[in-house]
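My notes follow in the sequence in which I checked each point.

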Amino acid sequence: MDVEGAHYDQNITHLIVVMGASGDLAKKKIYPTLWMLFRDKLIPDETFIYGYSRSKLTMEQLISNVSPYLKCNENEKERLAEFWSYNFYIAGSYDSSADYRSLNVKLSKHEIAGISNRLFYLAIPPSLFEVTTSHIHETCMDHKGWTRVIIEKPFGRDAASSLKLSDHLAKLFSEDQVYRIDHYLGKEMVQNLMTLRFGNRILNTGWNRDNIAQVQITFKEPFGTEGRGGYFDSFGIIRDVMQNHLLQILSLVAMEKPATIHPDDVRNEKVKVLKCIPKVQMSDVVLGQYVGNSEAEEEHKKFGYSDDKTVPSGSKTATFASAVLKINNERWDGVPFILKCGKGICFSN
């Protein structure tokens, strides 16, 4: 099947800019993925990757930060060295036009006859989305070729702020230039859910309220905030995990078979499921915070959420949440969908 976005022009330089290159998401998810794409020759040969963040790092320091999360066999080390030769790093502010102009100059050096395709991956806090995209539009789009922007969840704190962000982006980019990403959907098991659902005729016939008593979807992390409490505290576990990651999985598990695997058809079936979910009642929700275990052998297990120095004193932000959702349609009527997510819940905290 010819899938949209599966082709690229080998004759055009492609430039990928990772905004927030020093952050957790970049080193744990984005750079490892870019390495695997490069290793398997799934991106154009002339693809250059620029990391951009406020941290004043050298390339050696960036490589050191990312390396623990890269999967590299002994016979791939030469290929990995080649990958890093296509990488660069720039320290700059997110609200300085001068820094973006400097970035644009460096990007332009890789272009042939002023032509390149540019992809900006915003692995930054949502509070920086608007200022960053404004500067990208103002200073980094004077080239020939397409420009695309990838925005990581969360898309605002609520419906109003999400709509405000969408309106802002619509003033700067056309819809086909904007990609809203939930990186959890890239996990292999999540990607296989549709095959599991619709490729197995025996399993699919029993996938309904007559044969399933309940569905539990659990996300648990064996670690706490570990110095990232300042960011986490402004969102909490529901906005950070449940409202996006777990609802996406719920919709994949519960949706009807889409007409095709085209993204629009899959999205339409997901939306149908979400429209059948009534408002969640507080009586169906449990919230909590992880605490430390003073008897734990490992040092990091001794500290609870409130012990993180980056967490505001007296914070009531939930690090654990469990909620029961109902889907009022013919297939799932009466079947509870239990969503659970939390930090620090795999060890004795």
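I take strands (E, at least two residues) and helices (H or I, at least four) as DSSP runs, numbered from the N terminus, and I call two strands paired if DSSP finds at least two bridges between them. The model is predicted, with local features needing pLDDT of at least 70 and side-chain atom pairs counting only at pLDDT 80 or more, whereas totals for chains, interfaces and linings use all residues. Residues are numbered from 1 along each chain as its sequence is written, and side-chain values use heavy atoms, with hydrogens and water left out.

I first looked up L122, which stands opposite I151 in β5. Strand β4 (residues 116-122) runs parallel to β5 (residues 147-152), and five bridges join them.

I then traced the open sheet of six strands, which pair in parallel in the order β3-β2-β1-β4-β5-β6. Its edge strands, each pairing on one side only, are β3 (87-91) and β6 (178-181).

Next I checked α5 (residues 129-139) against α6 (residues 159-172): their axes, which are lines fitted to C-alpha atoms over the stretch in contact, lie 10 Å apart at an angle of about 5°, on a scale from 0 to 180 degrees between N-to-C directions. The two helices α5 and α6 are therefore roughly parallel, a label for angles under 35 degrees. In contact (heavy atoms within 4.5 Å), F129, E130, T133, S134 and H137 of α5 meet K164, L165, H168, L169 and L172 of α6.

Definitions and conventions: Parallel < 35°, antiparallel > 145°, perpendicular 65-115°, else oblique.
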